[in-house]
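Hi,

Here is the structure I said I'd pass on.

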Amino acid sequence: MSAFSLGPEQTAWCAELRELAGRRLRPLADRGAPGRVNRPLLAELGRLGLLARLFSAGALDLCLMRESLAQACTEAETALALQGLGAHPVHAHGTPAQRGRWLHRVADGSAVAAFALSEPGAGSDAAALALAAEADGDGWRLTGAKCWISNAPEADFYTVFARTTPGAGARGVTAFLVPADRPGLTGSALEMISPHPIGALDFDAVPVTAADVLGAPDRGFAVAMGTLNLFRPSVGAFAVGMAQAALDATIGHTRRREAFRGRLMDLQAVSHQVAEMALRTEAARLMVYAAAAAHDAGAADVPRRAAMAKLLATETAQYVVDTAVQLHGARALRRGHLLEHLYREVRAPRIYEGASEVQRGIIAKELYATAHEEDR
Ligand SMILES: Cc1cc2nc3c(=O)[nH]c(=O)nc-3n(C[C@H](O)[C@H](O)[C@H](O)COP(=O)(O)OP(=O)(O)OC[C@H]3O[C@@H](n4cnc5c(N)ncnc54)[C@H](O)[C@@H]3O)c2cc1C
């Protein structure tokens, strides 16, 4: 594929995913408890082969899955994405024993994964994380807290980033695979504006050994950033999927709604807003595909492209969903309406996996670093 158009097989796969999301995943999502891990939904994602694809596909396929599922079932999209986020460090950096124990269960949906980086005192400034890994015999003891961890406290294992070298910033962080049943690990659920399985974790001298390390000691920050470079464009894809769903709903509504002896679509002030929504959604989509294609090609400028794609797509989706609400009028705000759901759902991606301001910081840093290299 070129970065600017999908091939016919990819287009057909996306259509199939949207259809499956509506027919097989939507009913399971509707039966799940809001804000809780939905294991039947995960099992179905496993049966459909989509979770296994997290480990065989590249960034572009991940984006196509997330965009397509988001258009018909955001809950299924999120369940898939969180399995990928939590398990990617195991897939990319795990030992044969870690991979053998967990990845097939992540792929069939029977084990739930989580990615535990954020802390009460370290969100955007992730390198300031303080969860202490103190040497104890052959291993370490983890003491401290994690916060805003998707799938916590119900996950079966956590990719946990902890400080092995105090005062060393990003260079003193180690990634550990911590099974949920380790002694001293407890957690509690948090309720969000849009139901999302998420919680806080408390570590009270949780024992870990060298066999639990993902990658190498003190090299865990690279594990976290590599995972985010893969997932950031796909957060953009999630946002594009929500924007497309809002746009489709708006085209349908403005074609049908009668007003001023015509339809809303006959008012140029309305139809031009719809055109603007479509324009911005398509621009965001192209940037997401280009960033994902660059990731799959091993391009050097992936951090900048991934940041740009996430930033543009999540901000665009916020605009598109807000405009869709406006053009639907009061009905969009009624509890249970698709746009009421999207209006709440679209907000968080501008904050997680690096807030929009953090993405601007990454873009600027990369631009100046490149200029510096060229000056040499
Ligand atoms: C739904 C949801 C799911 C999440 N899931 C996970 C998860 O699975 N795992 C995980 O580890 N974390 C997760 N998080 C946490 C998320 O990654 C953090 O919320 C995010 O990194 C921001 O950290 P913070 O909330 O502490 O905000 P802060 O770091 O306190 O920042 C607050 C605001 O300050 C501004 N700001 C911050 N830094 C800068 C800067 N450098 N320049 C300019 N302005 C800045 C931005 O406006 C930012 O939104 C999730 C969050 C949400 C909402």
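This is a predicted model: local features need pLDDT of at least 70, side-chain atom pairs count only at pLDDT 80 or more; totals for chains, interfaces and linings use all residues.

The ligand first. There are 20 residues around it, and those that come nearest are S118, G123, S124, S150 and E357. By type, the shell splits into 12 nonpolar, 6 polar and 2 charged residues. Domain 2 (113-218) and domain 3 (222-375) each give at least three residues to the shell. As for secondary structure, at least two shell residues come from each of β1 (113-116), β3 (139-150) and α11 (356-375).

Next, the strands. β3 runs antiparallel to β7 (residues 198-208), with 8 bridges joining them; L142, for instance, has V206 in β7 as its bridge partner. β7 also pairs with β6 (residues 185-189), again antiparallel, over 5 bridges, and here T186 is partnered with D202 of β7.

An unreviewed UniProt entry annotates residues 114-205 as "domain: Acyl-CoA oxidase/dehydrogenase middle". In the model that span is 51% strand and 0% helix, and its end C-alpha atoms are 20 Å apart.

Last, helix α2 (residues 39-47). Its buried residues are L41, L42, E44, L45 and G46, and they pack against α1 (8-31), α3 (50-56), α5 (74-93) and α6 (96-107). After α2 comes G49, with a positive phi near 80°.

Cheers

Definitions and conventions: Residues are numbered from 1 along each chain as its sequence is written. A residue is near a molecule or strand if its C-beta atom, placed from the backbone, lies within 6 Å of it. Helices (H or I, at least four residues) and strands (E, at least two) are DSSP runs, numbered from the N terminus. Ala, Val, Leu, Ile, Met, Phe, Trp, Tyr, Cys and Pro count as nonpolar, Asp, Glu, Lys and Arg as charged, and the others, Gly among them, as polar. Domain bounds come from an automatic or database domain assignment. A residue is buried if 20 or more other C-beta atoms lie within 10 Å of its own, exposed if 12 or fewer, and partly exposed in between; C-beta atoms are placed from the backbone. Two residues are in contact if their C-beta atoms, placed from the backbone, lie within 7 Å. UniProt positions are given in the numbering used here, feature names are shortened, and annotations may be inferred rather than shown by experiment. Two strands pair if DSSP finds at least two bridges between them.
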